[in-house]
Amino acid sequence: MSSLNLPESVMGGCSGVPDYLPGHLARRVLFWDDERRSSGYIMVCLQSGWSFSTKKHVDVEPFANVTEASLALVSVTPCPCSNCRESEALLSLDQV
């Protein structure tokens, strides 16, 4: 266990969405790569249709720690780019 009381697998080299993320945040994540031992960052890639920016398509960001990444996931918004909007519209048509 780490000093944060997180399992060792969470602290280094963990790939995939971590179990400790709440479900509503985890559903926004396509890929979570904890590279803090090598590069010093956690790389987070969002599911299609989400963006870290309200102005443009930004679906991958590096974060220094879990708190920073989690706070960013709380504030992600639907992606404003036309490609994501078109993809979401097509997906909603498939459900009709």
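Predicted model: local features only at pLDDT ≥ 70, side-chain atom pairs only at ≥ 80, totals over all residues.
Against which elements do the buried residues of H3 pack? The buried residues of H3 pack against helix H2 (23-26), strand E1 (29-35), strand E2 (41-46) and E4.

Some orientation comes first. The protein chain holds four helices and five strands, and from the N terminus on these elements follow the order α-α-β-β-β-β-α-β-α. Of the 96 residues in the protein chain, 35% are buried. Among the contacts with a separation of 6 or more, 36% join residues 24 or more positions apart.

The mean pLDDT is 81, and 75% of the residues reach 70 or more. Strand E4 (residues 60-63) has the highest mean pLDDT of the elements, at 97, while helix H1 (residues 8-11) has the lowest, at 41. Over residues 1-15 the pLDDT is below 50, and this stretch makes 23 contacts in the model beyond near neighbours in sequence.

Back to helix H3, which spans residues 66-74. Its buried residues are Val 66, Ala 69, Ser 70, Ala 72 and Leu 73. Seen down the helix axis, these buried residues fall within an arc of 160°, so they line one face of H3. The N-terminal end of the helix is capped by Asn 65, with a side-chain oxygen 3.2 Å from the backbone nitrogen of Thr 67.

As a general pattern, nonpolar side chains in soluble globular proteins tend to be buried together.

Leu 73 shows how these parts meet. Leaving aside neighbours within four places in sequence, Leu 73 is in contact with Leu 21, Leu 25, Arg 28, Val 29, Trp 32, Val 44, Leu 46 and Phe 52. With a relative accessible area of 16%, Arg 28 is buried. A polar atom of the Arg 28 side chain lies 2.6 Å from the backbone oxygen of Leu 73. Not counting residues up to four places away in sequence, Arg 28 touches Leu 46, Gln 47, Trp 50, Leu 73, Val 74 and Val 76.

A search of the whole structure finds one salt bridge. This salt bridge joins Arg 36 to Asp 34, with the closest N and O atoms 2.6 Å apart. Are the two partners buried or exposed? Arg 36 counts as buried because its relative accessibility is 19%, and the cut-off for buried is under 20%. Asp 34, at 2% relative accessibility, also counts as buried.

Technical notes. Residues numbered from 1 in each chain as written. Heavy atoms only, no water. Salt bridge = Lys/Arg side-chain N within 4 Å of Asp/Glu carboxyl O. Buried < 20%, exposed > 50% of the residue type's maximum accessible area, 1.4 Å probe, protein only. pLDDT = per-residue confidence, 0-100. Helix = DSSP H or I, 4+ residues; strand = E, 2+ residues; numbered from the N terminus. Contact = heavy atoms within 4.5 Å. Arc of directions from axis to C-beta. Polar contact = N/O pair within 3.5 Å; in protein donor to acceptor, adjacent residues only side chain to side chain.
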